[in-house]
Structures are given as C-alpha cells and as structure tokens.
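Have the viewer open as you read, and follow along helix by helix.

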Amino acid sequence: MRKFLEASGFLLCVFGVCGVIRELTDGWFSFMGLTRFLTDHVWFLEGREVFANIVIAVLGLVLMIVSDRVEKKV
C-alpha cells in the first residue's frame, strides 16, 4: 500500500506540474497532457485550468506525505 501511495502521489505531482507549465506557456509544453483531458471536459473547471493543475500537484504531494505515515508491514 505504501509503494502504491508513493507512486500515485509522484505521478499526480508530475502531471500537475506539467499541466501548470502547459497552461502558463499557452500549450507550448504539451508533454503529458493527461490533465488537459480533465480540464477540458469538466464544465466547472473551464477558465480555472491553472488552479485545477495546482490542486492536482498538491494532492500528489499530500499522497506522498501520507505514504510516509502508513505503517510498513514486515
């Protein structure tokens, strides 16, 4: 469980940071456009793409922090 949380947190953090960079460069940095699918097809995120990507990156950081709190089974 710990490794799963670490990996998913890392991926969310990377996707969020890539999304923020993409939005700030007006689509020039299109690498890993996974969050673009989310921000383009969810109606209440229209116009809030940078904020949504920041939230995704922060959720990734939170998952990585929580993974340190999970007890390691021997």
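How many salt bridges does the structure hold? The structure holds four, where a salt bridge is a side-chain nitrogen of Lys or Arg within 4 Å of a carboxyl oxygen of Asp or Glu. One of the salt bridges joins R2 and E6, with 3.8 Å between the closest N and O atoms. Both R2 and E6 sit in helix α1, four residues apart, or about one turn of the helix.

**How to read the model**

This is a predicted model, in which local features need pLDDT of at least 70, side-chain atom pairs count only at pLDDT 80 or more, and totals for chains, interfaces and linings use all residues. Residues are numbered from 1 along each chain as its sequence is written, and side-chain values use heavy atoms, with hydrogens and water left out.

The mean pLDDT (the predictor's confidence in each residue, from 0 to 100) is 86 for the protein, and 93% of the residues score at least 70. Confidence is highest in helix α3 (residues 49-69), at a mean of 92, and lowest in helix α2 (residues 34-41), at 79. Where pLDDT is low, the predicted coordinates should not be read in detail.

**The fold and its packing**

The protein has three helices and zero strands, in the order α-α-α from the N terminus. Helices (H or I, at least four residues) and strands (E, at least two) are DSSP runs, numbered from the N terminus. Along the principal axes, the C-alpha atoms fill a box of roughly 45 × 25 × 15 Å.

Here are the two helix pairs, with axes being lines fitted to C-alpha atoms, over the stretch in contact, and angles running from 0 to 180 degrees between N-to-C directions.

| Pair | Angle | Axis distance |
|---|---|---|
| α1 and α2 | about 70° | 8 Å |
| α1 and α3 | roughly 160° | within 7 Å |

Helices α1 and α2 are therefore roughly perpendicular to each other, a label for angles of 65 to 115 degrees. Their contact (heavy atoms within 4.5 Å) is made by F15, G19 and R22 of α1 together with L34, T35, R36 and T39 of α2. By type, these residues are two nonpolar, three polar and two charged; Ala, Val, Leu, Ile, Met, Phe, Trp, Tyr, Cys and Pro count as nonpolar, Asp, Glu, Lys and Arg as charged, and the others, Gly among them, as polar.

Helices α1 and α3 are therefore roughly antiparallel to each other, the label for angles over 145 degrees. The contact of α1 with α3 involves 15 nonpolar, seven polar and six charged residues.

Note on methods:
Parallel < 35°, antiparallel > 145°, perpendicular 65-115°, else oblique.
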